[in-house]
Every structure is written in structure tokens, then in C-alpha cells.
Amino acid sequence: MEELFTQQVYQVVRLIPEGRVSTYGAIAKAVGYPNHSRQIGHAIPKDVPAHRVISSSGKLSVPSFRERLENENVVVQENGQIKDFKKLFWNPLEEL
């Protein structure tokens, strides 16, 4: 299950459009494991845009991803909150 789960997570995260963000929980739900949001994000390959996955509160979980998001015109406020989080949120269950 672990390898299949991991590959499914990578597939969904690769689909997040540039300039948009999703959450760990939304990704976990999309791959059929709604209670596994804490397993999202471990050792993600460089070709997976992990910087687009944030906490459900709209905050950046990994401070080093700030620059990558800002390069995609996503505004990250001083406190790590994504400006216009609800507008930028990409829900794979609705958009796939």
C-alpha cells in the first residue's frame, strides 16, 4: 500500500497548476486515504511540485518553499499565510 499511495500522491501533486495551491488533506482524500494527510510530503522527488501543497489553514508548511511559490506569483504574507488562499485553492476532487 505504501508504494501505491506514494505514487498516487505524486501523480495528483504533479497536476496542481502553477500559481495554485492544495492541501495535504485534499491530496490524501483525492487518493482515497483521507486520514493519511500526515504521510503526504515525505521525500518527494524534485519533479513533483511539493511547494504547492500547504496546510489546511492556508499557511506555508515548509518555509523554504516560499520563494518557489512567489516565483509563481503566489503571495506569501509575513506570517506564512497564503494571500487569497481560498481563491488559489485547487481541490483535486472537484477539478479532476
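Predicted model: local features only at pLDDT ≥ 70, side-chain atom pairs only at ≥ 80, totals over all residues.

Residues are numbered from 1 along each chain as its sequence is written, and side-chain values use heavy atoms, with hydrogens and water left out.

**Confidence**

- The chain has an average pLDDT of 92, and 98% of the residues score at least 70; pLDDT is the predictor's confidence in each residue, from 0 to 100.
- Helices (H or I, at least four residues) and strands (E, at least two) are DSSP runs, numbered from the N terminus.

**Aromatic pairs**

- Searching the whole structure turns up two aromatic pairs. Rings of Phe, Tyr and Trp (its six-membered ring) pair if their centres lie within 6.5 Å; planes under 30 degrees apart count as stacked, over 60 as edge-to-face and the rest as tilted.
- Phenylalanine 5 and tyrosine 33 form an edge-to-face pair, because their ring centres are 5.4 Å apart and their planes stand at 90 degrees.
- This pair links distant parts of the chain, 28 residues apart: phenylalanine 5 sits in helix H1 (residues 2-14), and tyrosine 33 in the loop between helix H2 (24-30) and strand E2 (53-54).
- Phenylalanine 5 is buried at 5% relative accessible area, while tyrosine 33 is partly exposed at 24%. Buried means under 20% relative accessible area, exposed over 50%, and partly exposed in between (1.4 Å probe, protein chains only).
- Phenylalanine 85 and phenylalanine 89 make a tilted pair, with 5.8 Å from centre to centre and 55 degrees between the planes.
- Phenylalanine 85 is buried, with 15% relative accessibility, and phenylalanine 89 is partly exposed, with 25%.

**A buried serine**

- Serine 22 belongs to strand E1 (residues 22-23) and is buried, with a relative accessible area of 0%.
- Beyond its neighbours within four places in sequence, serine 22 is in contact (heavy atoms within 4.5 Å) with several residues, including Ile16, Val53, Phe89 and Trp90.

**Positive phi angles**

- Most residues other than glycine have a negative phi.
- Asparagine 73, not a glycine, has a positive phi of about 65 degrees; it lies in the loop between helix H3 (66-70) and H4 and is exposed, at 70% relative accessibility.
- Aspartate 84, also not a glycine, has a positive phi of about 60 degrees. Aspartate 84 is in the loop between H3 and H4 and is partly exposed, at 44% relative accessible area.
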